Amino acid sequence: MNKECKKMKKLFAIALSCLLIAGMFAGCGNTAAEETTAAAETTAAAETTAAAETTAAAETEAVETEAAEAAAFTTIEVGKLIMSTNAAFPPFEMVADDGSFEGYDVEVAEAIAKKLGLELEVDDMEFDAALLAVQEGKSDIVMAGVSVTEDRLMVMNFTDTYFSSSQRVIVKEGSDVDKDNLEGLTIGVQRATTGHIFASDSYGDENVTPYDNGASAVQALLNGQVDCVVIDANPAQEFVNGNAGLVLLDGSVADDNYAIGVNKDNTALLDAINQALKDLNEDGTIPAIYDKYFGE
């Protein structure tokens with residue numbers, strides 16, 4: 001073999017080696033890129049999983065917290081919210097034709113019970129008995145257009161105000177009664193109500209005739225047994241609308257606010273109802289009930 005041939009073979013071998021080495025480096029480069037991509041995908045998957053686990057944990061914690069809060073209060077009967085009332089106080093509470101209970105207070109109480117995961121049970125009785133029932137632990141709440149007074153605050157707790165009202169005077173048509181001076185008149189009232197308290201404090205017990213409910217007081221006025229009736233504004237309007245020959249004097253004689261009465265020892269239930277009232281106002285539930293009974 002001549003020198004020229006040997007030289008050519010040597011050059012060929014060198015070229016072949018270079019090609020092999022280049023191929024090896026190319027293969028290494030591809031492997032490194034693949035490994036980098038795989039590592040990035042693994043990291044992203046891990047971060048996604050971690051985020052999902054964090055969200056799930058937060059949701060679980062929120063549910064557990066809500067359940068714990070719901071379990072913090074107690075009611076007389078498990079699963080029920082017992083409401084004592086006097087269902088002769090339209091449009092707040094009254095008896096429907098089918099014997100069921102209806103009215104603004106009833107629907108608000110139903111919404112509260114649902115919010116707390118409870119079933120509402122309405123217990124109808126005289127007004128003063130309804131107040132006493134919650135004090136004695138026979139009912140969970142009292143709702144009957146109950147106004148907050150200093151005396152009542154001594155024996156029960158009250159929620160935040162859910163309705164503002166006033167005391168009005170009902171008279172017969174043609175009467176010369178002046179709402180600003182009921183001195184010497186016989187005043188009909190519903191027993192143990194704010195109207196009863198106002199009339200007794202202002203004009204003396206001797207001039208006040210209490211009745212078990214507003215309807216009885218109004219009937220006494222129609223019969224000529226009393227000169228006027230002092231009662232909450234909305235029921236007053238309902239009684240005037242439903243009885244020919246009666247009128248409602250302009251203006252109020254006293255202002256008051258309605259709240260839900262709760263037993264002194266059940267502060268957890270009080271807090272839960274206050275939160276429910278807040279939520280139901282914010283989500284539009286209570287405003288919708290208000291519009292249904294009183295218009296916008």
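Student: Why are H2 and H9 called roughly antiparallel to each other?

Tutor: The axes of helix H2 (residues 104-115) and helix H9 (residues 285-294) cross at roughly 165 degrees and come within 10 Å. Axes are lines fitted to C-alpha atoms, for helices over the stretch in contact, and angles run from 0 to 180 degrees between N-to-C directions. Angles under 35 degrees count as roughly parallel, over 145 as roughly antiparallel, 65 to 115 as roughly perpendicular and the rest as oblique. H2 and H9 are therefore roughly antiparallel. Helices here are DSSP runs of H or I with at least four residues, strands are runs of E with at least two, and both are numbered from the N terminus.

Student: Which residues make the contact between H2 and H9?

Tutor: On the H2 side they are Tyr104, Glu107, Val108 and Ala111. H9 brings Thr285, Ile286, Ile289, Tyr290, Lys292, Tyr293 and Phe294. Contact means heavy atoms within 4.5 Å.

Tutor: A word on the source: this is a predicted model, in which local features need pLDDT of at least 70 and side-chain atom pairs count only at pLDDT 80 or more, while totals for chains, interfaces and linings use all residues. Residues are numbered from 1 along each chain as its sequence is written, and side-chain values use heavy atoms, with hydrogens and water left out.

Student: What makes proline 91 buried?

Tutor: Buried means under 20% relative accessible area, exposed over 50%, partly exposed in between (1.4 Å probe, protein chains only). Proline 91 has a relative accessible area of 4%, so it is buried. Proline 91 lies in the loop between S2 and S3. Leaving aside neighbours within four places in sequence, its contacts include Tyr104, Tyr293 and Phe294.

Student: How do you know that S2 and S3 pair?

Tutor: Two strands pair if DSSP finds at least two bridges between them. S2 and strand S3 (residues 93-95) have 2 bridges, in the antiparallel sense. Phenylalanine 89 stands opposite glutamate 93 in S3.

Student: Why is one side of S2 left without a neighbour in the sheet?

Tutor: The open sheet has 3 strands in the order S2-S3-S4. Strand S2 (88-89) and strand S4 (101-102) stand at the edges with a single partner strand each, so one side of each has no neighbour in the sheet.

Student: Which residues touch the most other members of the largest nonpolar core?

Tutor: A nonpolar core is a set of buried Ala, Val, Leu, Ile, Met, Phe, Trp, Tyr and Cys residues joined through side-chain atoms within 4.5 Å. The largest has 48 residues, and Tyr104, Ile112, Leu116, Ile170, Ile260 and Ile273 touch the most other members.
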